[in-house]
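Subject: The structure for you to look through

Hi there,

Here is the structure I promised to pass on. Have it open while you read, and my notes on what turned up in it follow below.

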Amino acid sequence: MQNFIDAYSWLNMRFLFEGLWVTIYVSVISVVLSFIIGAILGFVRYVKVKYLSMIVGFVIDLIRNLPLLLIIFFMYFGLPSTLGIRLNTVAAAIVALTVFESAMLAEIIRSGIASVDHGQMEAARSNGMSYLQAMWYIILPQALRRMVPPIVSQFVSLVKDSSLATIILLPELMYHAQIIYGQNSNYMIPMFAALAVLYFAICFLLSRLSRALAKRLK
Amino acid sequence: MRRKKNKLIALALTLMGMMVLLAGCGDDLASQDVLKRVKASNEISWGVKSDTRLFGLMSIRTGKVEGFDVDIATAVSKEIFGDQVEVNIVPVTSNTRMSLLKNGNVDALASTLTITPERKKEVLFSDVYFNAGQALMVKKGSKIKSVKDLTKGTKVIGLQGSNSVDNVKKAAPEAKILQLPDAAQAFAALKSGQGDAMTSDNAILYGLAADDSDYEIVGGTFTKEPYGLGINLGQEKFQKAVDQALKAIETDGTYAKIVKKWFGKIDGFDGGVVK
Amino acid sequence: MITILTDHWADLVSGVRITLSASLLALLGSLIIGVIFALFVISPLKPLRVLGNIYIEIFRNIPLLVVALFFYIVIPQFVVQIDGFTAGTIGLTIYTSAFIAETVRAGIESVDIGQMEAARSNGMTYLQAMTYIVLPQAIKIVIPPLGNQFVNLVKNSSVLAFLAGFDLMYQANLIVSSTLKTTDTYLAVGLLYLLMTMPLSYLMRYLEKRWAKQPAND
């Protein structure tokens, strides 16, 4: 018990919350970027532009089928030598998460749009709407409703996945917890408990939020 | 039929395009002259361990990495580029450090890096700035007293990318070696009984054992591990400047001060701290 | 890239073998646990429902790395000595079982509720109706998502690299640290991962499309 009280000292908690802040910060930026990129890619895949959609689709499939850990390594170690860009750990983590999650989201968005009955598009067009109008007013609102749950669970995954960036020593929650129990092994269990609670709190909140959002859309 | 063919061609083109992109034709950061670039940007990046007490350990109080290697890197940078240079400390692990240097993520390494013939093919080294030796750490009361006791069926924990792993393979070929990503994880694994002993340099192990009185260093050192600062191939000018800076901080007493600050109070430390 | 493959072929193959066995074992384990908890969640007994929901929510919202490291460094100190492979596989099993439980639950619920009632009114018990009527129909709905879970398992098993689990990612890291050819090694290893994941995920997409043509009640 004493271990728990010592482990949750003000100093340790502050250090842990500094890590949590990096987790949130990296996640939020990656969520926003990957949503934008994923939406564009998903749309490109859906509309079937000759060659372009196929190439985009293939690249998305490649990324979706690789471990995120590999992509993180690649962005951190590979980019400076191949493209001459030096990324710090935060930037490398954001790029890796964005690349990976954009591919995941693109697929969700493509299948979301595709799931709306094809007849609706035809009906809207025959009523004089342009393709884009029909898409914007008729198809997308319906697709969005179906997409919200998988999109949000993807965001939850992103928050959880950001813990993998501890391998490149991104100073996020997981890494900070490791630093604390690395310096005093009595704090190991308290730190694992803290990790479980903090990650759970963020992810659970996020998924509850989405459920509320999904209900409002209906 | 025709569509299928087009599909194949498009796939092949995509793959080829990606290969070209990845094969690397960009402006390679690692080969730009470090002296020139740092003088222009007034910022230098050093790769330093962040989980190794005494050499580079992230402070929970400040969030900054502190240790012998940090102080040496800072002193050397200030000696070369002046007091106002910004020293950027990038945390590295044994496994990531060489790649980060070679790929240009950092300008130099001060990360308990042993000078070895194999590594000399990949990077340049400064003069020796610290003499360590490889040792074993075990739980007190363990049957393992020296590297000779690492027989068949024993498991040794080491760090990915450290040459202590290669050394122990030679010294104890029958032992199974488990390589963990960093020192903190490796020590946690030792405590969980994942291995019978942990091997690394004595100075690193003393730092870890200082945390926990249940663990001790046994059998003395079985190799010599001279540490050098790591610099990219082709950066001979920077290497020369670093060597001169090391001499200068030794002459003016800075080096002795840093040694005393970090190793003055370590009991039982028999590793040489001579340059 | 070719030289990495040829020079380190034996290490890479043993890595692939470990990755596949961890993934298969975890799939089997998480399928069993997942189905059990899915049945809990839809069961008429409230305590079981609560228990099932708690299990699913907890493990869906905590990063795999936290779970796996917990089994690697905490469990051996207090419960039982397990190595990196075992700890990683248990972590993967528990983590994945929460997702499989969700998938199976959704599958079962998508089978028309009238069928259960019809079966019961024909004199079947709840368990009989579940086993003979509802589950066989649910299986078709859940096979594509389960296949995708296996793809995820292969990708997620890279977490073994954190635990000296000798999987493909661990071997990749060792190859990188001995050769220092980061880009080449991660490209080669990426190719091996794709060989494991791509065919399966295309097969699942094909099955999904084929089976989706049959009427479903959305």
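Let's begin where two of the chains meet. Chain C and chain A bury about 3200 Å² between them, and carbon and sulfur atoms give 70% of that area. Please keep in mind that this is a predicted model. As background, the size of an interface is often given as the accessible area lost when the parts come together.

On the chain C side, the residues that lose the most area to chain A are N61(C), K155(C) and Y186(C), which together account for 18% of what that side buries. Counted by contacts, 36 residues of chain C meet 41 residues of chain A.

How many salt bridges are there between chain C and chain A? The count is one. D61(A) forms a salt bridge with R205(C), and their closest N and O atoms are 2.9 Å apart. Polar contacts between chain C and chain A come to seven residue pairs, with both residues at pLDDT 80 or more.

Several helices of chain C take part here. At least two residues each of the side that touches chain A are supplied by α3 (46-60), α4 (64-78), α5 (84-110), α7 (126-156), α8 (168-179) and α9 (182-212) of chain C. The largest share of that side comes from α9(C), with 13 residues.

While you are at that helix, look for T185(C), which has its place in α9 of chain C. Is T185(C) buried or exposed? It counts as buried, because its relative accessibility is 0%. Leaving aside neighbours within four places in sequence, T185(C) is in contact with I4(C), A172(C), I175(C), V176(C) and T179(C).

Now turn to chain B and chain C. About 1800 Å² is buried between these two chains, 56% of it given by carbon and sulfur atoms. The contact takes in 22 residues of chain B and 24 residues of chain C. Across this interface the rule finds zero salt bridges, while eight residue pairs are in polar contact, both residues being at pLDDT 80 or more. On the side of chain B that touches chain C, the elements giving two or more residues are α4 (94-102), β10 (176-180) and α7 (183-191) of chain B. Strand β10(B) gives the most to that side, with five residues.

Where they touch, domain 1 of chain B brings 16 residues and domain 2 of chain B brings 15. Together the two domains bury about 1200 Å², with 49% of it on carbon and sulfur atoms. The count of salt bridges between domain 1 and domain 2 of chain B is zero, and seven residue pairs are in polar contact, both at pLDDT 80 or more. On the domain 1 side, β2 (51-52) and α4 of chain B are the elements that give two or more residues to the contact with domain 2. The largest share of that side, three residues, comes from α4(B).

Next, the inside of the model. In soluble globular proteins, nonpolar side chains tend to be buried together. The largest nonpolar core here has 171 residues, and M137(B) and M198(B) have the most contacts inside it. Helix α5 (residues 89-114) of chain A gives the most to this core, with 13 residues. Why does the core lie between the two domains of chain B? Both domain 1 and domain 2 of chain B give residues to the core, so it lies between them. Apart from this core lies another, of 39 residues, including V34(B), L124(B), Y227(B) and F263(B).

Neighbours within four places in sequence aside, its contacts include F187(B), L190(B), M198(B), L205(B), L208(B), A209(B) and I217(B).

Finally, find helix α8 (residues 202-209) of chain B, which is mostly covered: eight of its eight residues are buried. Among them are N202(B), I204(B), L205(B), Y206(B), L208(B) and A209(B).

Happy exploring, and do write back with your questions!

Best wishes

Key. Residues numbered from 1 in each chain as written. Chains lettered and ligands numbered in written order. Heavy atoms only, no water. Core = buried A, V, L, I, M, F, W, Y, C linked by side-chain atoms within 4.5 Å. Buried < 20%, exposed > 50% of the residue type's maximum accessible area, 1.4 Å probe, protein only. Helix = DSSP H or I, 4+ residues; strand = E, 2+ residues; numbered from the N terminus. Domains from an automatic or database assignment. Contact = heavy atoms within 4.5 Å. Buried area = accessible area lost by both parts, 1.4 Å probe. Salt bridge = Lys/Arg side-chain N within 4 Å of Asp/Glu carboxyl O. Polar contact = N/O pair within 3.5 Å; in protein donor to acceptor, adjacent residues only side chain to side chain.
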